[in-house]
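Hello,

Here is the structure I promised to pass on. Please have a look at it first, and then read my notes below.

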Amino acid sequence: MNLNAPSPIVAADDCIEAVQVSKAFGKRIVLDQISLTVKRGEIFGLLGPSGSGKTTLVRLITGLDVPDNGSITLLDVHMPKLSVLSRIGYMAQSDALYGELTAQENLEFFSSLYGLRGAVLKKRIQEVAELVKLSGDLKKPVQLYSGGMKRRLSLAVALMHKPEVLILDEPTVGIDPVLRKTIWDELDHLRKNGVTILVTTHVMDEAEKCDRLAMIRDGRVIAFGSPEQLKTESHSSTMEDAFITYGGGAA
């Protein structure tokens, strides 16, 4: 679907809806009339290079910032709305962790915000720590973690309360290929169990794993659809070629 196509039609199964969303910082336009929908129970990717506006859009969707124009709806609620935060898991591009605390203490603190306590909390910590391969490092202060370990812990924090919607901003940066595959396998498992997942990436092979995606460049959606649809419509064999074709030049 090209940039001049009509905005996506809102349906009953839409989980996230952005309509003509724009955002500027000073004179710099970061998002320019973005419209897209994310369906319930799908993995939706925002694909684009650094500086394309992906993180700004994610912050608007989660209610951490407000658009200058347009509207955003999440789980049938007009954003921003504080009450929705308990239903989403958010992993920011920058790790928001307490370095002086251990990984376990970080998980306990953030989980307390969602009311997790006692045996339920203990069991959940074990589950997510195993998923992100941090079980043997839970007692270590986070300030001693590598960058990749901090990313894995941030993902664990986002997963602790079993959110309906998972929003991940560049979740696999600094993570080795084996663990990256494990994480994407888990995302697929979560999707099959009804969790809606929005993920930003600039990695083309991760875009292939999404059910649908929006290609973003210079704050605008340049294409919208499934990976196969976008490759077919652009007469491309790879997502990288498709992105270059839709963008009209090198990424």
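This is a predicted model: local features need pLDDT of at least 70, side-chain atom pairs count only at pLDDT 80 or more; totals for chains, interfaces and linings use all residues.

The crossing of the two, α2 and α4, is right-handed. On the α2 side the contact is made by A103, N106, L107 and F110, and on the α4 side by L153, A156 and V157.

Now for the overall picture. The chain contains eight helices and ten strands. Its C-alpha atoms fill a box of roughly 50 × 35 × 35 Å along the principal axes. For 251 residues, a compact globule would have a radius of gyration near 18 Å, and the chain agrees with this, at 18 Å.

One of the sheets is open and has six strands, in the order β6-β7-β8-β3-β9-β10, with mixed pairing. At its edges stand β6 (88-91) and β10 (220-225); each has a single partner strand, so one side of each lacks a neighbour in the sheet. On average, neighbouring strands of this sheet are turned by 15° against each other, direction ignored. Strand β9 (residues 212-217) runs antiparallel to β10, and five bridges join the two. If you want a residue pair to look at there, M215 has A223 in β10 as its bridge partner. Helix α8 (residues 239-247) lies across β3 (43-47), β9 and β10, and runs at about 50° to β9.

There is also an open sheet of four strands, ordered β2-β1-β4-β5, and its pairing is antiparallel. Here the edges are β2 (28-39) and β5 (77-78), each with a single partner strand, so one side of each is left without a neighbour in the sheet. Two bridges pair strand β4 (residues 69-74) with β5 in the antiparallel sense, and T73 has H78 of β5 as its bridge partner. Helix α1 (residues 54-61) packs on this sheet, where it touches β1 (14-25), β2 and β4, and its direction makes about 60° with that of β2. Between β1 and β4 there are five bridges, again in the antiparallel sense; A18 is partnered there with I72 of β4.

Q20, which lies in strand β1, has a phi near 50°, a positive value in a residue other than glycine. Which peptide bond is cis? The bond from M79 to P80 is, with omega near 5°, and P80 is found in the loop between β5 and β6.

Happy browsing, and write back with any questions.

Best wishes

How values were computed: Residues are numbered from 1 along each chain as its sequence is written. Side-chain values use heavy atoms; hydrogens and water are left out. A crossing is left-handed if the near helix is turned anticlockwise from the far one by less than a right angle, and right-handed if clockwise. Contact means heavy atoms within 4.5 Å. Two strands pair if DSSP finds at least two bridges between them. Axes are lines fitted to C-alpha atoms, for helices over the stretch in contact, and angles run from 0 to 180 degrees between N-to-C directions. The radius of gyration is taken over C-alpha atoms; the globule rule is 2.2 Å times the number of residues to the power 0.38.
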